[in-house]
Amino acid sequence: MRLDLRLADVLAPYGYNGFGVIARARFDAAAPLPFRCDALHPPTRSVLIVATAGPWHWRAFLEWIAVDPITRLARQPHPLDTFTADVFARHVDAPGARIFFPTVDAPLRLDFLKMAELAGIGRPSELGLVLVDPRFGAWLGLRAAIFTPEDLPDNTVAARACDGCAAPCRVPTDPLARRLACNVRPDLAYDELQRIYHYDRPRGRALLCQRFSVADETAAQL
Ligand code: SF4
């Protein structure tokens with residue numbers, strides 16, 4: 001089975017539900033020289049972008065933490081990144097591929113927003129750094145870029161949902177309120193704790209630790 005279809009199956013229970021492909025030629029035409037496939041991973045024929053949309057990834061994350069809240073949350077400064085690394089280590093079998101994650105300690109800073117756009121996952125929006133996609137609304141997270149030697153069917157850039165929109169998102173001033181005001185797929189809005197975690201990390205982390213009855217052991221590192 002094709003890599004993208006296989007991953008859509010095995011990763012669905014963890015909320016990884018957005019997949020898009022950039023063929024090598026299209027990727028290289030858009031990438032600066034030091035970030036082209038020859039530099040990043042010469043055997044590449046396709047770049048598969050993996051995203052999460054809606055609240056399901058967060059809910060799977062909470063279930064994952066519940067297994068061992070001390071190791072997976074209290075002692076973990078970036079638990080969401082660790083969650084993705086763990087899920088990928090256990091479930092992603094991509095022979096010959098190189099995988100990049102948009103993590104704080106990533107060895108290379110790839111432009112995930114641009115890659116997602118090229119892969120047909122969202123477009124830059126009136127919400128600044130938040131991509132908006134007709135299928136997923138404003139509730140997207142970008143999780144991985146898989147440089148694979150497989151030839152996968154190329155995607156195209158999606159329609160820009162903001163074009164022609166009355167833009168109710170321009171009314172609020174608070175960034176989260178603006179995102180919540182987006183009228184594309186509001187049914188996919190993040191859960192409340194997920195929203196707090198993304199927009200007010202110290203408070204979100206404190207609430208998360210409280211939920212799992214653990215003391216935050218990383219407070220000094222944040
Ligand atoms: S409300 Fe309209 S203009 Fe604003 S982000 Fe959503 S689609 Fe774009």
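Modeller: Gladly, and bear in mind that this is a predicted model. Its largest nonpolar core has 49 residues, and those with the most contacts inside it are Leu48, Ile49, Val50, Met115 and Ala116.

Biologist: What makes this set a nonpolar core?

Modeller: A core in this sense is a set of buried residues of the nonpolar kinds Ala, Val, Leu, Ile, Met, Phe, Trp, Tyr and Cys, joined through C-beta atoms within 7 Å, and the set of 49 residues is the largest one found. In soluble globular proteins, nonpolar side chains tend to be buried together.

Biologist: Which residues is Leu48 in contact with, leaving aside its neighbours within four places in sequence?

Modeller: Leu48 is in contact with Leu3, Asp4, Phe19, Val21, Ile146, Thr148 and Leu152.

Biologist: Why is strand S2 called mostly covered?

Modeller: A residue is buried if 20 or more other C-beta atoms lie within 10 Å of its own, and eight of the eight residues of S2, which spans residues 46–53, are buried. Ser46, Leu48, Val50 and Thr52 point one way from the strand, while Val47, Ile49, Ala51 and Ala53 point the other way, and all are buried.

Biologist: How do you know that S2 pairs with strands S1 and S6?

Modeller: At least two bridges between two strands are needed for a pair. S1 (residues 16–23) and S2 have seven bridges in the antiparallel sense, with Val50 as the bridge partner of Phe19. S2 and S6 (residues 140–148) have eight bridges, also antiparallel, and Ser46 stands opposite Thr148 in S6.

Biologist: Why does Asp111 count as partly exposed?

Modeller: Buried takes 20 or more C-beta neighbours within 10 Å and exposed takes 12 or fewer; Asp111 has 15 inside 10 Å, and therefore counts as partly exposed. Asp111 is in the loop between strand S3 (98–100) and helix H7 (112–118), and its C-alpha is 9.5 Å from that of Phe35, although the two are 76 residues apart in sequence.

Biologist: And the ligand: how do its surroundings divide?

Modeller: The ligand is surrounded by 14 residues, the closest being Cys162, Cys165, Ala167, Cys169 and Cys182. The shell divides into eleven nonpolar, two polar and one charged.

Biologist: What makes the protein chain as compact as a globular protein of its length?

Modeller: The secondary structure of the protein chain comes to ten helices and six strands. Its radius of gyration is 18 Å, close to the 17 Å that the globule rule gives for 222 residues, so the chain is as compact as a globular protein of that length.

Methods. Residues numbered from 1 in each chain as written. Predicted model: local features only at pLDDT ≥ 70, side-chain atom pairs only at ≥ 80, totals over all residues. Near = placed C-beta within 6 Å. Nonpolar A, V, L, I, M, F, W, Y, C, P; charged D, E, K, R; others polar. Contact = placed C-beta atoms within 7 Å. Helix = DSSP H or I, 4+ residues; strand = E, 2+ residues; numbered from the N terminus. Rg over C-alpha atoms; globule rule 2.2 N^0.38 Å.
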